[in-house]
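Thank you all for making time this morning. I would like to walk you through one structure, slowly, and I will take the parts in turn.

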Amino acid sequence: MSIGLDLGPYTSFIATAYLAAALVVVVLIGWVAIDYRQQKARLRLLEQSGVTRRSGRAAADIR
Amino acid sequence: MSLLDLANPSRFLTLTARLLPWLAAITAILLVYGLYLSAMAPDDYQQGATVKIMFIHVPNAWLSMFVWGIMSVASLGTLVWRHPLADVAAKAAAPIGASFTFLALLTGSLWGRPMWGTYWEWDARLTSVLILFLMYLGLIALWRAVEDPSRAARAAAVLTLVGALNLPIIKFSVDWWNTLHQPASVMRMGGPALDKAFLIPLLVMAIAFSFLFLTLHLAAMRNEILRRRVRSLQMMQARGHASEAASAGGAAKHVIGAV
């Protein structure tokens, strides 16, 4: 595989290392983003069912 | 805003909502710049182009230990100071630390095959980092196994502090034992042994991955605070349903008694 650089005979090792790092970083970002959406959706559902916080603020109010 | 203000989860959410976009932007810029410097770095006279693997291996290896260090401080916060965000910080950091440790092991292995002639060697450095990875997984499993966050927090804090004993073993393993892994070449007495052509990309990538950790950690902490809010609201809802059912049951008994 060529990425526009001359990496010599070790191209596959170097490319695999960088691709694996990129994949793990993307998975971590995806995990955080999906988890955030899930928690917000659960809080909205609770709010719709009439459950309120002790402070009286809306469940989904995350300020 | 003082450190004590951050003990309030709502204030933490407010502050991090403002900070996160900036941190994400800084992380992205640093990563792009670090990757550019890594691509432009010359080949090493011995390692050839595989030196480029070091620019991701070394930052991940540093962070694998640094994250456990952060979790250890957070564990002290849980056990000693009972800081409300301490166990949130520890729990949110564990999957990120495990990912960095996995990458350190994988990229080290991919470097080892062409340079050492083997993907894996049971030497002290590699084995102690593998143990660190397994401890991360154990800690994540513990958090998932115990439903009550406060009970899980205390058990996880003790395990984290015991596991911290592995950090000096990892750091000094290359000095204490005869290992295939080379000794420290950046953080060592007498300054870095690396040429600037390799040191600068390495440090930029290390700073970039550190910002990545900070950004992901704060975002994961926010998620954990929201998860606990969901849990407490669900418990309030369940208690409300239980008391409604109890009063309805009591009324039914009165009706039956009257008949």
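This is a predicted model: local features need pLDDT of at least 70, side-chain atom pairs count only at pLDDT 80 or more; totals for chains, interfaces and linings use all residues.

**A walk through the two chains**

Arg82(B) sits in the loop between helix 2 and helix 3 of chain B, and its phi is near 50 degrees, which is a positive value in a residue other than glycine.

How are helix 2 and helix 3 of chain B oriented to each other? Their axes come within 7 Å and cross at roughly 155 degrees, and since angles over 145 count as roughly antiparallel, the two helices are therefore described in that way. The crossing of helix 2 of chain B and helix 3 of chain B is left-handed, and the residues of the contact between them divide into 21 nonpolar, ten polar and one charged.

If we leave aside its neighbours within four places in sequence, Ala7(B) is in contact with His83(B), Pro84(B) and Leu85(B). Ala7(B) is partly exposed, with 15 other C-beta atoms within 10 Å. Between Ala7(B) and Thr78(B) there are 71 residues in sequence, yet the separation in space is 12 Å, C-alpha to C-alpha.

Now to the core. The largest nonpolar core has 70 residues, and those with the most contacts inside it are Val67(B), Ala90(B) and Ala93(B). Contributions of at least two residues each come from helix 1 (11-48) of chain A and, in chain B, from helix 2 (51-81), helix 3 (86-116), helix 4 (124-145), helix 5 (149-163) and helix 7 (196-258). Helix 7 of chain B gives the most to this core, namely 17 residues. To take one example, Ala93(B) touches Val67(B), Ile70(B), Met71(B) and His217(B), when residues up to four places away in sequence are not counted. As general background, in soluble globular proteins nonpolar side chains tend to be buried together.

That brings us to the partner chain. Chain A has one helix and zero strands, and of its 63 residues, 22% count as buried. How many residues of each chain meet where the two are in contact? There are 32 residues of chain B in contact with 27 residues of chain A. On the side of chain B that touches chain A, helix 1 (9-40), helix 2, helix 3 and helix 7 of chain B each supply at least two residues, and the largest share, 14 residues, comes from helix 7 of chain B. By type, the residues on that side of chain B divide into 19 nonpolar, eight polar and five charged.

I will finish with one more alanine, Ala141(B), which has its place in helix 4 of chain B. Is Ala141(B) buried or exposed? It is exposed, with 11 other C-beta atoms within 10 Å. The C-alpha atoms of Ala141(B) and Ala156(B), which are 15 residues apart along the chain, are separated by 9.9 Å.

How values were computed
Residues are numbered from 1 along each chain as its sequence is written. Chains are lettered from A and ligands numbered from 1 in the order in which they are written. A nonpolar core is a set of buried Ala, Val, Leu, Ile, Met, Phe, Trp, Tyr and Cys residues joined through C-beta atoms within 7 Å. A residue is buried if 20 or more other C-beta atoms lie within 10 Å of its own, exposed if 12 or fewer, and partly exposed in between; C-beta atoms are placed from the backbone. Helices (H or I, at least four residues) and strands (E, at least two) are DSSP runs, numbered from the N terminus. Two residues are in contact if their C-beta atoms, placed from the backbone, lie within 7 Å. Ala, Val, Leu, Ile, Met, Phe, Trp, Tyr, Cys and Pro count as nonpolar, Asp, Glu, Lys and Arg as charged, and the others, Gly among them, as polar. Axes are lines fitted to C-alpha atoms, for helices over the stretch in contact, and angles run from 0 to 180 degrees between N-to-C directions. Angles under 35 degrees count as roughly parallel, over 145 as roughly antiparallel, 65 to 115 as roughly perpendicular and the rest as oblique. A crossing is left-handed if the near helix is turned anticlockwise from the far one by less than a right angle, and right-handed if clockwise.
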